[in-house]
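Please read the points below with the model open beside you, and check each one against it as you go.

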Amino acid sequence: MNGLGAELWQAVVVCFAAVFTNNILLTTFLGMCPFTSVSREVRTAAGLGGAVVFVMTFTCLLNWMAYHWILVPLGLEFFRFILFIIIIAAFVQVVEMILDRFSPRLYQNLGIFLPLITVNCAILGASLFMVIREYSLIVTIGYGFGSGLGWLLAILAMAGIRQRFNESRVPAGLQGPGITLIIAGLMALAFIGFTGVLS
Amino acid sequence: MVLEIIRDVLAVSSTAAFLTLILVVCEGLILNYGSCEVMINGSRKETVQGGKSLLSSLQEKKIFIPSACGGRGTCGVCKVKVLEGGGPLLPTETPLLTKQEQQAGVRLSCQVKVRGPLAIEIPEELFRVRQYQARCSRIEDLTYDMKRFTFELTEPDTIPFTAGQYVQLRCPPYKGSREEVMRAYSIASDPLENRRIDLIIRRVPKGICTTWCFEYLREGDPVSFTGPFGDFYLRDTQTPKLFIAGGSGIAPFVSILWQMKHADDGRQTVFFFGANRTEDLCLLDEMKAFEQALPNFRFVPVVARPAPESRWSGQTGLVTEAVQRSFERLDGWEGYLCGGPGMIEAAIRVLRQMGIPDEKIYYDKFA
């Protein structure tokens with residue numbers, strides 16, 4: 001019981017760290033493509049962010065099981081890149097079907113970015129990090145959820161900022177992705193500040 | 001060693017197979033909407049398989065909503081009024097619908113997916129629309145870039161239509177165009193002779209369907225089209241009528257003039273036909289025959305820039321300028337326009353200035 005309690009506590013800590021100090025988007029700059037292109041509107045950004053949280057949590061969990069229960073016993077660890085991608089692709093397909101059926105509006109809003117979650121490097125990145133860092137199953141769930149939450153937080157903040165500067169005069173050469181990347185850089189600097197708070 | 005390789009390959013491929021199986025099962029469970037009932041105009045009930053677009057579901061039930069882009073959501077022609085069901089307005093539809101249309105529940109039928117019971121409203125005449133199989137029996141040059149195509153119907157063998165209506169010609173995939181497209185062309189033949197239709201088509205540079213018609217379609221080839229569509233027809237009022245057309249916009253008027261000839265129509269009618277150069281004029285003999293048959297009909301060809309050697313003695317300049325020169329005012333007239341968007345807009349402006357109210361100006365605009 002004590003072991004489980006410690007593991008749960010570790011999962012919470014890892015989850016927190018993944019949201020703030022080790023934010024997958026702002027510290028490793030993974031998943032930048034949808035981050036710059038779907039962050040124009042808070043509503044859509046929240047939709048995509050929610051989808052990422054969901055997909056990331058479950059793919060981390062599924063990938064952990066596939067890795068530790070299939071690949072490690074067979075000595076096929078090198079195969080993880082392909083297997084992870086296949087699992088992510090299949091899972092996204094299912095999510096796509098569910099959204100199409102139950103939330104057509106979100107489905108339309110996400111458009112091409114929903115299938116693109118499959119090749120969102122943050123999703124694969126999270127699964128690979130969890131292997132490298134040798135997380136246990138419970139910690140992996142916390143890590144996947146936290147990473148997704150961190151991504152959601154970052155894209156929400158970005159969408160909020162971008163909605164605000166819709167009315168401000170951005171120099172012509174910086175409009176669009178240019179200013180978005182500069183803001184992403186500033187946000188990354190701000191998130192580094194959290195490291196100090198936690199330690 | 002060999003065993004190990006076989007075992008590993010089996011393990012990986014069976015994982016993939018398992019995932020595929022899950023996907024197939026999910027598709028069957030989640031995307032299965034069952035059969036859905038579509039109530040049309042409060043009277044006709046159709047049961048369709050859910051999951052497809054409203055446009056293609058209706059097509060399967062032989063109800064043909066006009067669509068120019070073939071269901072890609074770019075042309076905005078396939079509008080229908082959705083009274084119940086249909087879900088929220090999609091972002092792909094908003095750019096093609098006006099504020100009033102959005103409030104009235106108008107949707108693009110190619111974007112609305114049938115997910116449950118629906119109640120829709122469509123113009124009654126769409127029930128008359130059918131799919132026709134025909135054979136191209138004659139191709140005739142009218143000018144250097146306009147041809148008249150005659151299609152003899154094979155199945156069904158007659159098409160009831162009102163003069164001025166159009167059909168959607170199916171252009172099959174060919175070298176240079178990989179997918180099937182539908183394009184609208186006005187019927188340019190006698191509505192009484194409804195075993196065949198004529199279409200007058202002007203070559204559009206790089207046009208998908210016109211290129212096919214001009215370069216691939218041969219006499220004797222099978223063609224198919226849906227129709228008739230449109231509410232561009234001669235109104236049954238006693239007021240004098242002004243027709244204005246440019247280029248292949250002459251097509252619906254040929255049909256309308258046949259109808260007038262059969263009815264011995266005595267109403268005052270003037271037809272201004274605009275062309276760039278004298279080479280662009282066509283059907284002059286047929287128009288002369290209509291002038292002789294109809295005592296109050298006058299045909300006025302207008303050539304914008306006649307070459308000096310053509311010795312053109314008729315009206316020159318823009319077709320709208322010719323109208324302004326010929327009439328002081330047009331109060332109490334009706335205007336009928338057919339041609340490209342630029343000509344239509346210019347003509348509407350001029351007719352409005354000359355005293356024809358907007359609701360008396362009817363037009364068939366093609367982009």
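1. In this predicted model, 18 residues of chain A are in contact with 21 residues of chain B, where contact means heavy atoms within 4.5 Å. About 1,900 Å² is buried between chain A and chain B, and carbon and sulfur atoms give 73% of that area; buried area is the accessible area (1.4 Å probe) that two parts lose on being put together, summed over both. A:Met97, A:Arg101 and A:Gln108 supply 32% of the area that chain A buries against chain B, more than any other three residues.

2. Across the interface of chain A and chain B the rule finds zero salt bridges, a salt bridge being a side-chain nitrogen of Lys or Arg within 4 Å of a carboxyl oxygen of Asp or Glu. Between chain A and chain B one residue pair is in polar contact, with both residues at pLDDT 80 or more. A polar contact is a pair of N or O atoms within 3.5 Å; within protein, one must be able to donate a hydrogen and the other to accept it, and residues adjacent in sequence count only if both atoms are side-chain atoms.

3. Over all chains the structure holds 28 aromatic pairs. Rings of Phe, Tyr and Trp (its six-membered ring) pair if their centres lie within 6.5 Å, and planes under 30 degrees apart count as stacked, over 60 as edge-to-face and the rest as tilted. A:Phe78 and A:Phe79 form an edge-to-face pair, at 5.9 Å centre to centre and with 75° between the planes. B:Phe149 and B:Phe151 form a tilted pair, at 6.5 Å and 35°.

4. A:Phe78 is exposed at 59%, and A:Phe79 is partly exposed at 21%.

5. A search of the whole structure finds zero disulfides over all chains, a disulfide being a pair of cysteine sulfur atoms within 2.5 Å. For B:Cys171, the nearest cysteine sulfur is that of B:Cys209, 4.3 Å away. B:Cys171 is buried, at 0% relative accessibility.

6. Residues are numbered from 1 along each chain as its sequence is written, and chains are lettered from A and ligands numbered from 1 in the order in which they are written. Local features need pLDDT of at least 70 and side-chain atom pairs count only at pLDDT 80 or more, while totals for chains, interfaces and linings use all residues, and side-chain values use heavy atoms, with hydrogens and water left out.

Definitions and conventions:
Buried means under 20% relative accessible area, exposed over 50%, partly exposed in between (1.4 Å probe, protein chains only).
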